[in-house]
Amino acid sequence: MNLSRKLAILIFLGVFISVTWATLLVLPLIDPYIKMQTQGFFEIVLFTILKLIILTIVIVLPVTATIWVLITKSIIKPLGYFNEVTRSIASGNLGKKIEFISKDELGELGENINLMVKNLATAFQSMASSLRNEKLKEKELEVSYTRLEKEKAKDEALLTNINDAVIGINKDSRIILFNKAASNLTGFDQNEAINMPYYWVLKFLGEKDGVALDFINQAFSGIEQKNSNHVVIEKRDKGKIPVSHSVGVIRTGGQVTGAVVVLRDITRERELEQMKDEFVSIASHELRTPMTAIKGLISMIFEGDFGNLSTELKDPLSDIATSTDRLISLVNDMLDVSRIEAGRLKFILGEYVVSDLIDEILVLMEPLTKEKGVGLESTGELERKVFTDANKFKQILSNLVGNAIKFTDHGKITVEAKLNGELLKISVSDTGMGISKEDQKKLFTKFSQITDSQSGRPKGTGLGLYISKEFAKKLGGDLWIENSVPGYGSIFSFSSPLSGTNMAKKVDENFKKPIEAQIKI
Amino acid sequence: MALVLIIEDDPILLKMYREKFERSGFEVTTAVEGEAGVFRALNDQPDFIVLDVMMPKMDGVQALKKLKENEKTKNIPVALLTVIPKDQAPGLNKELLGEIVFYWMKDTTKPSEVVADVTKYLDSH
């Protein structure tokens, strides 16, 4: 039974009882005006009931109705309205507001409900938006996670499939990264190697003498590392593999915090190098033998060992001899170049009075200069001692003097020794045809040749100056063209450290180091 | 007449040197590799030995060692004929080099120079 009906009944009862009481009080007052008949009790009761009924109809009902209507309007209806609105709100429609405006407690209730709803709405909204944010963040996280996973998988795949061994070392010298190739190379499993000090897993030996530079340690100490390939790694099973290595150092804020070592198995490269060396030495030997025969036999023919030589044969035979000489020079030069490039040139260092070295070459070259009518002399600080490889020094000098003779038809060639700090500078100057600026640029490159202006044929093998310059540099000096004026002559100079100087010491020490540690002086 | 032993594996070169020495008044005996050469030296006791360095089987350096180790041959003067420069020859240490009288680079030394050097040496010793 709803409020409205309850109210109606209560009001009715209230009014009815009040009116009845009022009537009972009022009745005796009215009685004298009404015909009082002495009737039986029954009639009095009937009469009273009749009066009550009339009163009820005439007074109680209207009054009840009025009061009911008033109360309904001011209380029940608003409540019903509240009910409606709140029901609507409860079902999710937070936009509904209570419109009722009155200044009493009901109005206040309405306002409070509105406020409550507003707060609820706000709370709900912020909850909804945070929920949305959460969902978004989650989505983003998922995306980054997937990306990271992909990257990680890619890196792992890369490291696993790379053929070079990649080993990461932290600042405590422990291995933090060890790829599959590293595992294959060393014989240690990845999980065995991780966290071990690197020197337990990576054992290096020098190629020749069993002692290897700890280049990883050097890298940590900040010493610059060359990529080198004269080191052998000892596997777990004591097998040995030649490797080429390079170390990259990781720095954070200027401090070394780790290193990455890359090793490559160069067994195959080694084999190829060896094959090449064997080929070069066999080839050069094989080539020289027949050339020696040609040259030797021609000289014997000229010396009359095979009977008289007809004059027509002299020229062609002479040309054959010259050609053979050129072939021989070429083979020697190529062999030198090959040795220079492989770093297999042997140097025997010592102290020499420079005049001894110079004189040897001049004596050798004299017949050629005499033939051409060109003067040949030495001058300057000839008593100085140099620290060098005698054969190579002589080779350089003979190359320069030989060139001078080739390009000079008259005048003279001078070899001058001059002091230049810790070095002795040897200058070979001639009064020959000189070299143009353009040709000068190409001078020290391989196979550069200056053509004979008359015959158009190139002179020389084209390797002489390249080789001489390499020798000079390796020995602590250099080789260069001082000056050359076409038509007047040229001056070529090379320098060599004086014995007993710091430079000489540097050169000496450099050659004592294993090849991989040798620096370019 | 002085006797020269030429140990050289290339037949043409061998013929050439032999020709030159014989024309210059020498007696010549030959071998084409190291072991046979040492044998010849022991047997024939030459006055001079001309030795090629690069040969099959026993090469010149080993032959030189053997010659200098053997009482009967160690005093015979030996000169090396080769294509390898002194400082690049494997196995040729300072000691061995000291035992050699001449070091001729085959490709730049004429046969006449070889003979001249040997003649001069034998004349002064």
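A polar contact is understood here as a pair of N or O atoms within 3.5 Å, where within protein one atom must be able to donate a hydrogen and the other to accept it, and where residues adjacent in sequence count only if both atoms are side-chain atoms. The side chains of A:S427 and A:S493 make such a polar contact, at 2.9 Å. The structure is a predicted model, in which local features need pLDDT of at least 70 and side-chain atom pairs count only at pLDDT 80 or more, while totals for chains, interfaces and linings use all residues. Residues are numbered from 1 along each chain as its sequence is written, chains are lettered from A and ligands numbered from 1 in the order in which they are written, and side-chain values use heavy atoms, with hydrogens and water left out.

A:S427 belongs to strand β11 (residues 423–430) of chain A; helices (H or I, at least four residues) and strands (E, at least two) are DSSP runs, numbered from the N terminus. With a relative accessible area of 7%, A:S427 is buried, a word that stands for under 20% relative accessible area, as against exposed for over 50% and partly exposed in between (1.4 Å probe, protein chains only). Contact means heavy atoms within 4.5 Å, and, once neighbours within four places in sequence are left aside, the residues in contact with A:S427 include A:T414, A:V415, A:E416 and A:E482. A:E482 is 55 residues from A:S427 in sequence, yet the two are 8.4 Å apart in space, C-alpha to C-alpha.

Another serine of chain A, A:S495, lies in strand β13 (residues 489–497) and counts as buried at 6% relative accessibility. Leaving aside neighbours within four places in sequence, its contacts are with A:L423, A:L424, A:K425, A:G477, A:D478 and A:W480.

For chain A as a whole, there are 14 helices and 13 strands, and 36% of its 521 residues count as buried. Among its contacts between residues at least 6 apart in sequence, 60% join residues at least 24 apart. Its accessible surface, computed by the Shrake-Rupley method with a 1.4 Å probe, where for residues only the protein chains shown count as cover, comes to about 32100 Å², of which 59% belongs to carbon and sulfur atoms.

Chain B has five helices and five strands, and along the sequence they follow the pattern β-α-β-α-β-α-β-α-β-α. Of the 125 residues in chain B, 50% are buried, and residues 24 or more positions apart account for 62% of the contacts with a separation of 6 or more. The accessible surface of chain B is about 5800 Å², with 50% of it belonging to carbon and sulfur atoms.

Within chain B, helix α2 (residues 34–44) has B:G34, B:G37, B:V38 and B:A41 as buried residues. Seen down the axis of α2(B), these buried residues fall within an arc of 100°, so they line one face of the helix; the arc is that of the directions from the helix axis to the C-beta atoms. The buried residues are covered by elements of chain B that include β1 (3–7), β2 (27–31), β3 (48–52) and α3 (60–69), whereas the face turned away from the buried side carries the exposed residues B:F39 and B:N43. At the start of α2(B), a side-chain oxygen of B:E33 reaches to within 2.8 Å of the backbone nitrogen of B:E35, and just after the helix B:Q45 takes a positive phi of about 45°.

The aromatic residues come next. Rings of Phe, Tyr and Trp (its six-membered ring) pair if their centres lie within 6.5 Å, and planes under 30 degrees apart count as stacked, over 60 as edge-to-face and the rest as tilted. A search of the whole structure finds ten aromatic pairs over all chains. One of them, formed by A:F347 and A:F471, is edge-to-face, with 6.3 Å centre to centre and 85° between the planes. A:F347 lies in the loop between α9 (311–342) and β7 (350–353) of chain A and A:F471 in helix α13 (residues 464–474) of chain A, so the pair ties together parts that are 124 residues apart in sequence. A:F347 is buried, with a relative accessible area of 14%, and A:F471 is buried at 1%. In chain B, the rings of B:F102 and B:W104 have their centres 5.3 Å apart and their planes at 15°, so this pair is stacked. B:F48, B:F102, B:W104 and B:Y121 form one aromatic cluster.
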